[in-house]
Amino acid sequence: MVKKYLCLHADDGLLASTREEREKLVKKLEEKVKVQVSSPLYEIGSSIEFLKRKYIMSEEGSLVYSDRKRVEHLKKVMPVKERDAPADGSFLQEDKSPPLEPSKAKLFREMTGRLLYLASTRPDIQFAVSAPR
(Lines give C-alpha, C1' and ligand atoms only; values in the text may rest on other atoms or scores of the structure.)
Protein backbone atom coordinates (compact mmCIF):
# COMPACT_ATOMS: atom_id res chain seq x y z
CA MET A 1 0.00 0.00 0.00
CA VAL A 2 1.35 3.43 -0.98
CA LYS A 3 1.76 5.67 2.03
CA LYS A 4 2.94 8.84 0.32
CA TYR A 5 2.51 10.88 -2.85
CA LEU A 6 5.12 13.43 -3.90
CA CYS A 7 4.82 16.15 -6.55
CA LEU A 8 8.20 17.65 -7.48
CA HIS A 9 8.82 20.74 -9.55
CA ALA A 10 12.49 21.71 -9.80
CA ASP A 11 13.45 22.33 -6.17
CA ASP A 12 9.90 22.51 -4.76
CA GLY A 13 7.88 19.55 -3.60
CA LEU A 14 4.39 18.85 -2.29
CA LEU A 15 3.94 15.71 -0.23
CA ALA A 16 0.82 13.84 0.92
CA SER A 17 1.72 11.21 3.48
CA THR A 18 1.47 9.98 7.02
CA ARG A 19 3.59 11.76 9.62
CA GLU A 20 5.92 8.75 9.85
CA GLU A 21 6.43 8.55 6.09
CA ARG A 22 7.07 12.31 5.90
CA GLU A 23 9.71 12.12 8.62
CA LYS A 24 11.45 9.20 6.87
CA LEU A 25 11.50 10.98 3.53
CA VAL A 26 12.71 14.29 4.98
CA LYS A 27 15.49 12.49 6.86
CA LYS A 28 16.61 10.74 3.66
CA LEU A 29 16.51 13.96 1.61
CA GLU A 30 18.49 15.84 4.26
CA GLU A 31 21.39 13.43 3.65
CA LYS A 32 21.82 15.02 0.20
CA VAL A 33 20.20 18.48 0.15
CA LYS A 34 19.01 21.31 2.36
CA VAL A 35 15.33 20.74 3.17
CA GLN A 36 12.77 23.30 4.31
CA VAL A 37 9.41 21.92 5.41
CA SER A 38 6.18 23.87 5.88
CA SER A 39 3.58 22.92 8.45
CA PRO A 40 1.18 20.28 7.10
CA LEU A 41 -2.49 20.94 6.36
CA TYR A 42 -3.91 19.30 9.47
CA GLU A 43 -7.00 21.31 10.24
CA ILE A 44 -9.64 23.51 8.64
CA GLY A 45 -8.14 26.93 7.87
CA SER A 46 -4.51 25.78 7.76
CA SER A 47 -2.62 26.81 4.62
CA ILE A 48 0.57 26.24 2.65
CA GLU A 49 2.17 27.85 -0.39
CA PHE A 50 3.47 25.83 -3.34
CA LEU A 51 4.58 27.14 -6.73
CA LYS A 52 3.26 30.66 -6.08
CA ARG A 53 -0.18 29.40 -5.10
CA LYS A 54 -1.80 29.30 -1.70
CA TYR A 55 -3.66 26.15 -0.62
CA ILE A 56 -6.13 26.42 2.25
CA MET A 57 -7.86 23.44 3.85
CA SER A 58 -11.63 23.86 4.08
CA GLU A 59 -14.52 21.58 4.97
CA GLU A 60 -15.18 21.08 1.25
CA GLY A 61 -11.54 20.29 0.38
CA SER A 62 -8.56 22.39 -0.63
CA LEU A 63 -9.03 25.94 -1.90
CA VAL A 64 -6.37 27.22 -4.32
CA TYR A 65 -5.52 30.89 -4.77
CA SER A 66 -3.04 32.59 -7.07
CA ASP A 67 -0.86 35.24 -5.50
CA ARG A 68 -2.40 38.67 -6.17
CA LYS A 69 1.13 40.06 -6.61
CA ARG A 70 1.42 38.09 -9.88
CA VAL A 71 -1.59 39.88 -11.33
CA GLU A 72 -0.31 43.26 -10.17
CA HIS A 73 3.08 42.57 -11.75
CA LEU A 74 1.45 41.67 -15.06
CA LYS A 75 -0.62 44.86 -15.02
CA LYS A 76 2.49 46.93 -14.28
CA VAL A 77 4.63 45.38 -17.02
CA MET A 78 1.91 45.26 -19.67
CA PRO A 79 -0.79 47.83 -18.87
CA VAL A 80 -4.27 46.67 -19.85
CA LYS A 81 -7.74 48.12 -19.73
CA GLU A 82 -9.80 46.61 -16.94
CA ARG A 83 -13.32 45.60 -17.89
CA ASP A 84 -16.37 44.19 -16.15
CA ALA A 85 -16.31 41.29 -18.63
CA PRO A 86 -12.95 39.57 -19.18
CA ALA A 87 -13.32 39.40 -22.98
CA ASP A 88 -15.48 40.53 -25.85
CA GLY A 89 -15.95 39.74 -29.55
CA SER A 90 -12.74 41.53 -30.54
CA PHE A 91 -10.88 38.35 -29.55
CA LEU A 92 -12.37 36.64 -32.57
CA GLN A 93 -11.12 39.25 -35.05
CA GLU A 94 -8.06 38.51 -37.15
CA ASP A 95 -4.86 40.01 -35.76
CA LYS A 96 -3.40 42.19 -38.52
CA SER A 97 -0.76 43.89 -36.39
CA PRO A 98 2.89 43.71 -37.54
CA PRO A 99 5.26 41.19 -35.90
CA LEU A 100 6.77 42.35 -32.61
CA GLU A 101 10.41 43.33 -32.37
CA PRO A 102 12.50 40.65 -30.56
CA SER A 103 12.54 42.33 -27.11
CA LYS A 104 8.77 42.91 -27.17
CA ALA A 105 8.17 39.36 -28.47
CA LYS A 106 10.19 37.98 -25.54
CA LEU A 107 8.16 40.03 -23.07
CA PHE A 108 4.93 38.90 -24.74
CA ARG A 109 5.93 35.21 -24.40
CA GLU A 110 6.86 35.70 -20.72
CA MET A 111 3.56 37.43 -19.92
CA THR A 112 1.60 34.79 -21.85
CA GLY A 113 3.26 32.05 -19.79
CA ARG A 114 2.40 33.85 -16.56
CA LEU A 115 -1.20 34.31 -17.68
CA LEU A 116 -1.52 30.63 -18.58
CA TYR A 117 -0.23 29.71 -15.12
CA LEU A 118 -2.67 32.10 -13.42
CA ALA A 119 -5.65 31.06 -15.55
CA SER A 120 -6.01 27.66 -13.89
CA THR A 121 -7.00 29.35 -10.62
CA ARG A 122 -8.66 32.48 -12.07
CA PRO A 123 -11.94 31.68 -13.86
CA ASP A 124 -12.41 35.40 -14.54
CA ILE A 125 -9.49 35.40 -17.01
CA GLN A 126 -9.66 31.86 -18.43
CA PHE A 127 -11.54 32.71 -21.62
CA ALA A 128 -9.45 35.78 -22.43
CA VAL A 129 -6.21 33.88 -21.86
CA SER A 130 -7.23 30.89 -23.99
CA ALA A 131 -9.05 32.77 -26.80
CA PRO A 132 -7.55 31.97 -30.21
CA ARG A 133 -5.67 34.73 -31.96
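In these legends, Ala, Val, Leu, Ile, Met, Phe, Trp, Tyr, Cys and Pro count as nonpolar, Asp, Glu, Lys and Arg as charged, and the others, Gly among them, as polar. The model shown is predicted.

**Figure 1. Lining of the second largest pocket by residue class.** The lining residues divide into 19 nonpolar, 6 polar and 6 charged. The pocket itself has a volume of about 1,000 Å³. Of the 31 residues that line the second largest pocket, G13, L14, L15, Q36 and V37 are the closest to its centre. Two or more lining residues come from each of the elements β1 (4-9), β2, α1 (19-30) and β3 (47-50). Strand β2 provides the largest share of this lining, with 6 residues.

Figure 2. Leaving aside residues up to four places away in sequence, A16 touches K3, K4 and Y5. The view also includes L6, which is 10 residues from A16 along the chain; the C-alpha atoms of A16 and L6 are separated by 6.5 Å. One of the contacts of A16, K4, returns in the next view.

**Figure 3. Salt bridge between E21 and K4.** The structure holds 4 salt bridges. In one of them the side chains of E21 and K4 meet, with an N to O distance of 2.6 Å. E21 belongs to helix α1 and K4 to strand β1, so this pair ties together parts that are 17 residues apart in sequence. As background, side chains of opposite charge can pair when their charged atoms come close.

Figure 4. The side chain of K24 meets that of E21 in a salt bridge, at 3.3 Å from N to O. Both K24 and E21 lie in helix α1, where they are 3 residues apart, about one turn of the helix. K28 is exposed, with a relative accessible area of 53%. E31 is likewise exposed, and its relative accessible area is 53%. Through salt bridges that share partners, K4, E21 and K24 are joined into one network.

**Figure 5. Largest nonpolar core.** This core consists of 6 residues in all: V71, L74, M111, L118, A119 and I125. Helices α2 (68-77) and α3 (102-119) each supply at least two residues of the core. The element that gives the most is α3, with 3 residues. A residue has to be under 20% relative accessible area to count as buried, and a nonpolar core is built from buried residues.

**Figure 6. Contacts of L118.** L118 is one of the residues of the largest nonpolar core. Not counting residues up to four places away in sequence, L118 touches S66, R70, V71, L74 and I125. Among these contacts, V71, L74 and I125 also belong to the core.

Key. Residues numbered from 1 in each chain as written. Predicted model: local features only at pLDDT ≥ 70, side-chain atom pairs only at ≥ 80, totals over all residues. Heavy atoms only, no water. Contact = heavy atoms within 4.5 Å. 1 Å grid on protein atoms, 1.4 Å probe; cavity = no way out; pocket = protein on both sides within 12 Å on 5 of 7 lines; lining within 4 Å. Points joined across faces, edges and corners; volume = space filled by probe spheres on them. Helix = DSSP H or I, 4+ residues; strand = E, 2+ residues; numbered from the N terminus. Core = buried A, V, L, I, M, F, W, Y, C linked by side-chain atoms within 4.5 Å. Buried < 20%, exposed > 50% of the residue type's maximum accessible area, 1.4 Å probe, protein only.
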